[in-house]
Amino acid sequence: MSTTDGKNYQPKDMRSWINELDEANELIRIDKPVDPLTEMGSLLYQSREKALLFDNLPNGWRSLGQAPANVRHAALAFGANEEEVVPLVADRLGKTIPPVMVEDGPVKEVKLSKDEFDLTKTPVHVAGQRDGGPVIGSGLMITKDPDTGARNMSFHRLQIKGPNKSGILLYPRHSWKNYLKYQVRGEPMPVAIMIGHHPLIYAAAATTAAYGDDEIEIAGGYMDEAVRMVKCETVDLEVPADAEIVLEGYIPPDYREDEGPFSEFQDYYVTGTGQNPIVEYQYMTRREDAIWKNLQNGSEMEGCVFHKIPMCATIYKRLSTVSGGPDIHNVAALPGIFGLVIQMTSRYYGEAKNLLMAALSSEYQHPKLAIAVDEDVDIFNHSEVLWALATRVNPEQDIDIIKGTHNHAMDAALPELGAAGKPLWQRFGSKMLIDATIPPPNDADARSDFERIRPINPGLRLEDFAAEESMPIVDSLSPLFFGSKLLDK
Ligand SMILES: Cc1cc2nc3c(=O)[nH]c(=O)nc-3n(C[C@H](O)[C@H](O)[C@H](O)COP(=O)(O)O)c2cc1C
Ligand SMILES: [Mn+2]
């Protein structure tokens with residue numbers, strides 16, 4: 001690791017990430033003017049393969065979106081490929097690196113007091129048709145526990161409500177807990193909101209750790225370098241020095257206003273309009289040529305990608321401790337992130353269900369469906385997962401439903417108690433586990449029924465035999481070709 005305040009120090013930040021995407025041919029630059037209120041959401045929603053850099057936005061702004069657009073991009077940020085990334089992040093979760101304080105940083109190049117900036121003039125976009133208005137989806141909020149001073153950093157949707165005001169949705173977790181502590185004291189909660197930085201800082205903010213754990217230290221572990229922090233100007237908080245933009249403000253106690261709906265991660269507007277707190281901003285610091293960060297939510301969109309990797313890694317790490325270290329290969333999240341696929345080799349009958357129960361009661365509240373499959377099933381190919389479900393499951397034996405569980409409050413399929421912003425807000429639902437594994441290796445006879453067919457000479461390549469002009473339509477070249485992984489072995 002190089003020194004973090006030397007002159008030639010090149011920190012990992014949004015600029016280095018844009019270069020990385022560009023070099024990997026994963027970035028599209030959009031020179032034409034784009035209206036954030038009516039056009040940007042549609043372009044982001046379509047761009048499932050590439051990141052978008054908008055170069056021509058109102059008031060001279062530029063902005064990055066869909067970066068990561070998919071798990072391949074997220075893996076790139078971690079220096080891995082799609083199959084390696086979850087075990088790698090699980091390993092880095094245990095290797096946190098504390099931040100370093102610096103005196104100054106790029107995010108302090110421009111300092112603007114309350115009447116010198118106007119959030120309605122920034123390129124915040126409207127994500128969906130029914131959204132309550134433009135929403136900052138890329139804001140990472142830093143708060144402190146007023147009793148211990150422990151820092152927390154998490155994503156919160158911030159609906160623009162005026163030049164210096166936004167709404168905020170506080171899911172009942174760490175920043176909500178901090179807010180309740182300030183509310184009991186009758187004091188506003190100081191907040192700092194960071195917009196635009198390296199995606200691994202974002203991945204850290206989406207990591208659900210224990211209350212009191214510092215997500216900035218998790219970010220350091222993810223990046224394998226200490227995050228450089230600077231003091232805020234008007235609140236007693238520190239923020240990443242290499243961010244693009246920082247907003248400083250307060251959330252007043254007790255006060256509530258209509259907020260939402262918002263295009264959410266499951267592809268629904270599920271929280272509707274609720275009575276939620278607001279944020280009042282009194283200061284902005286930013287880089288001279290700051291690049292905004294837009295974030296489109298929805299199933300398999302950028303917001304979901306940020307959930308997927310830390311969630312799967314946290315669950316992978318947790319599963320690796322069950323019953324003395326199982327033979328677990330990978331974990332993937334299904335679209336909408338309420339489902340998981342665990343790839344493993346059972347050592348005993350019943351072990352898959354033990355792991356599935358642990359997967360459904362982790363740090364994360366989202367998963368209500370967990371499926372276990374063997375190593376020969378490509379868990380990134382949904383056809384293979386569905387094939388395993390259909391050919392390796394005896395429903396009366398292999399499917400279990402656990403009733404009366406605490407589920408994620410934004411799962412529209414389950415009964416809701418209370419409402420967003422109220423003390424009682426949850427979904428009181430159920431969970432399902434499906435064991436789609438085959439018999440364990442120590443029962444070779446039973447296992448042999450599930451030996452997959454393989455052709456003679458699996459290494460032959462169709463392209464060596466077919467006429468060149470007929471190749472583009474040949475399905476076997478598709479990365480999702482059913483059974484293709486087996487041909488490599
Ligand atoms: C794109 C994205 C948007 C999110 N929006 C919100 C939100 O509006 N409100 C909220 O409370 N959590 C939101 N979250 C979830 C939290 O930021 C995330 O679960 C985080 O781990 C919670 O931090 P905590 O465990 O420190 O409380 C969002 C997560 C992502 C990835
Ligand atoms: Mn936290």
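Predicted model: local features only at pLDDT ≥ 70, side-chain atom pairs only at ≥ 80, totals over all residues.
A polar contact is a pair of N or O atoms within 3.5 Å; within protein, one must be able to donate a hydrogen and the other to accept it.

Start with Arg347. Arg347 sits in the loop between strand E20 (339-345) and helix H9 (351-359). The side chain of Arg347 makes a polar contact with the side chain of Glu351, at 2.7 Å. A polar atom of the Arg347 side chain also lies 3.3 Å from the backbone oxygen of Gly325.

Pro441 is 94 residues from Arg347 along the chain. Yet the C-alpha atoms of Arg347 and Pro441 are separated by 6.9 Å.

Move on to Arg427. This arginine lies in strand E24 (residues 425-435). Arg427 has a relative accessible area of 6%. Buried means under 20%, so Arg427 is buried. A polar atom of its side chain lies 2.9 Å from the backbone oxygen of Ala409. Ala409 is also one of the residues that Arg427 touches, not counting those up to four places away in sequence. Others include Val270, Thr405, His406, Asp411, Leu414 and Glu416.

Next comes helix H4, which spans residues 85-93. Its buried residues are Val85, Val86, Val89, Ala90 and Leu93. Where do these buried residues fall, seen down the axis of H4? They fall within an arc of 135°, so they line one face of the helix. The buried residues of H4 pack against helices H3 (71-77), H7 (215-223) and H8 (302-319), and against strand E19 (327-333).

Take the partner H8. Two packed helices are described by the angle between their axes and the distance between the axes. For H4 and H8, the axes come within 8 Å and cross at roughly 70°. That angle makes H4 roughly perpendicular to H8.

Which residues of H4 and H8 meet? From H4 come Val85, Val86, Pro87, Val89, Ala90 and Leu93. From H8 come Ile309, Cys312, Ala313, Thr314, Tyr316 and Lys317. The residues of this contact divide into 10 nonpolar, 1 polar and 1 charged.

How values were computed: Residues numbered from 1 in each chain as written. Chains lettered and ligands numbered in written order. Heavy atoms only, no water. Buried < 20%, exposed > 50% of the residue type's maximum accessible area, 1.4 Å probe, protein only. Helix = DSSP H or I, 4+ residues; strand = E, 2+ residues; numbered from the N terminus. Arc of directions from axis to C-beta. Contact = heavy atoms within 4.5 Å. Axes fitted to C-alpha atoms, helices over the stretch in contact; angles between N-to-C directions. Parallel < 35°, antiparallel > 145°, perpendicular 65-115°, else oblique. Nonpolar A, V, L, I, M, F, W, Y, C, P; charged D, E, K, R; others polar.
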